[in-house]
Amino acid sequence: MKPVPTLFWFRNDMRLDDNPALAHAATHGPVVGVFIDDPTTPRPRGGASRWWLHQSLAALGTQVPLTLRHGESLAVLRELLRETGASRLVWSRRYDPAGAAKDKAIHDTLTREGFTVLGEVGNMLAEPWDISNAEGEPCKVFTPFWKRLQARGWAAPQPAPRVAWAAHGPSVPLDTFCPLPTAPNWAAGWETLWTPGEHGARQRAEDFMAHGLRGYADLRNRPDLPHVSRLSAAIHFGEVSVRRLAHLAQAAAHADPTLRRDADVFLSELGWREFSYHLLWNYPTLPHANWKPAFDAYPWRDPATDPAAARDLTLWQRGQTGYPFVDAGMRELWHTGWMHNRVRMVVASFLIKHLRLHWRHGEAWFWDTLVDADPASNAASWQWVAGSGADAAPYFRIFNPIGQGKKFDPMGAYTRHWCPELAKLPLDFLQCPWDATPFDLATAGVRLGHDYPLPCVNHEAARAAALAGYHATRADSA
DNA sequence: TTTTGAGTTGTTCGA
DNA sequence: GTCGAACAACTCAAA
């Protein structure tokens with residue numbers, strides 16, 4: 001008698017290592033792996049994310065036989081259950097509101113139809129509902145959340161299970177399923193920057209633990225140095241498990257106690273991701289509505305009705321604001337699909353506070369251009385910078401784009417790399433070329449307004465306007 | 001229940 | 001150049 005297969009639905013868990021759902025599926029005979037592109041998804045992936053998805057699917061396809069299908073998820077799954085004769089469907093849970101709702105609907109429907117449908121914990125240290133404060137409510141401040149999560153602990157990572165994979169056709173060819181960009185190919189050369197897929201992620205993780213972790217606590221703020229993990233996209237797609245990463249960091253600190261502080265800071269960054277999902281789960285409007293409603297009163301400039309605001313949004317997106325550190329970050333994003341976290345904070349603060357454009361415009365741009373675009377981290381972080389989020393930065397914390405550049409790119413290497421038209425400018429004026437003497441500018445071959453833009457806003461005036469705007473959000477101003 | 005202290009990532013000003 | 005305080009007021013969490 002032919003054994004009944006189990007259908008394993010890959011989503012953002014593109015790995016075999018420490019994949020509890022896959023481990024479960026593997027205990028029930030042959031496994032058919034499927035990935036679905038569902039056009040009814042409310043907020044489809046952005047372009048950069050789809051580039052990564054293509055590469056990640058290609059990598060996963062070399063590890064296991066993978067069936068690729070287009071279509072509404074429930075319909076496709078029904079079709080596959082019928083075609084394969086499977087009676088069991090297994091997945092790693094999703095925690096974004098739309099994904100979780102869809103999963104519940106599919107679970108309920110297929111269960112009613114007699115199938116066994118099972119979700120296991122996704123790529124999380126704790127499920128978003130596992131953590132709550134003393135009143136049983138969601139945590140609204142990071143530190144107590146993180147303390148509670150750490151006290152609770154998490155499961156040790158498990159090695160990849162032995163799986164009896166069963167190929168199943170037909171499958172849509174990858175180049176049709178998830179096409180790479182052409183005309184223009186804005187991702188040209190990205191394959192030399194990134195190695196999507198489980199193997200690349202593990203390699204990157206181990207390389208980081210061996211060479212980047214030491215000094216991480218301080219040097220993670222330096223965009224010119226290799227002391228961040230660059231694992232954000234791999235984590236988003238589940239190419240590496242956060243439990244595995246936590247384990248690797250803890251093992252490194254155990255082997256060498258002088259790495260303790262660095263490892264703790266790295267773990268807390270994983271904690272921020274958990275906190276973001278905790279917030280998204282409990283407050284599903286996080287990606288589009290101010291978490292603090294008081295911020296609804298903020299006098300944003302509207303690019304839809306204000307041409308100057310529209311112009312400034314475009315300058316920001318293109319890295320043409322005239323503030324070199326900001327422009328360097330925005331160009332890094334466009335050219336690599338990624339931006340160093342310190343620079344993300346600076347460009348976000350600039351959009352929100354200097355240009356007084358709603359954080360949603362920035363969130364949307366990041367959603368489309370980041371390879372690591374994530375519904376929880378992206379929304380929570382933009383709201384954090386805006387001051388409208390949970391445990392957010394105080395409103396008067398307005399990053400100085402000049403000072404941040406000088407402080408965190410002290411040699412100017414990062415800024416010069418992404419703003420090559422300023423490469424010959426003396427360091428003293430690199431972050432504020434408008435202060436350079438005509439002689440310095442001429443020597444460096446820079447004509448401000450031609451080779452590099454004049455600043456689109458004045459820092460002091462913009463800062464004052466942002467502070468004035470925030471008074472509208474004060475509790476007693478209503 | 002009440003009180004008290006804390007709260008990712010900063011900037012500016014004035015002594 | 002360095003240092004501490006102010007920048008506001010609020011909510012949350014823990015004692």
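A: Gladly! Let us begin with pairing: two strands pair if DSSP finds at least two bridges between them. Keep in mind that this is a predicted model. Here β1 and β2 pair in the parallel sense, over 5 bridges.

Q: Which residue of β2 does Trp9 stand opposite?
A: Trp9 faces Val34 in β2.

Q: What does β2 do with β3?
A: Strand β2, residues 31–37, pairs with β3 in the parallel sense, again over 5 bridges. One residue to look for is Phe35, whose bridge partner in β3 is Leu68.

Q: In what order do the strands of the sheet run?
A: Reading across, the order is β3-β2-β1-β4-β5; these 5 strands form an open sheet with parallel pairing. At the edges are β3 (66–70) and β5 (116–120), each of which pairs on one side only. From one strand to the next, the twist averages 25°.

Q: How should I think about the two faces of a strand?
A: In a regular strand, side chains alternate between the two faces of the sheet. Now try β1, residues 6–10: 5 of its 5 residues are buried. Thr6, Phe8 and Phe10 lie on one side, Leu7 and Trp9 on the other, and both faces are covered.

Q: Now for the whole chain: how many helices and strands does chain A have?
A: Chain A has 22 helices and 5 strands. Its radius of gyration is 24 Å, close to the 23 Å that the globule rule gives for 478 residues, so chain A is as compact as a globular protein of that length. Along the principal axes, its C-alpha trace spans about 85 × 55 × 50 Å.

Q: What share of chain A is buried?
A: Buried residues make up 44% of its 478 residues. For this, a residue counts as buried if 20 or more other C-beta atoms lie within 10 Å of its own.

Q: Which residues come nearest to DNA strand B?
A: Of the 16 residues around DNA strand B, the nearest are Phe142, Thr143, Trp272, Asn400 and Gly403. The elements that give two or more residues to this surface are α5 (142–152), α12 (260–282) and α18 (401–408).

Q: How is that surface made up by class?
A: Near DNA strand B there are 8 nonpolar, 4 polar and 4 charged residues.

Note on methods:
Residues numbered from 1 in each chain as written. Chains lettered and ligands numbered in written order. Predicted model: local features only at pLDDT ≥ 70, side-chain atom pairs only at ≥ 80, totals over all residues. Near = placed C-beta within 6 Å. Helix = DSSP H or I, 4+ residues; strand = E, 2+ residues; numbered from the N terminus. Nonpolar A, V, L, I, M, F, W, Y, C, P; charged D, E, K, R; others polar. Rg over C-alpha atoms; globule rule 2.2 N^0.38 Å. Buried ≥ 20, exposed ≤ 12 C-beta atoms within 10 Å, placed from the backbone. Axes fitted to C-alpha atoms, helices over the stretch in contact; angles between N-to-C directions.
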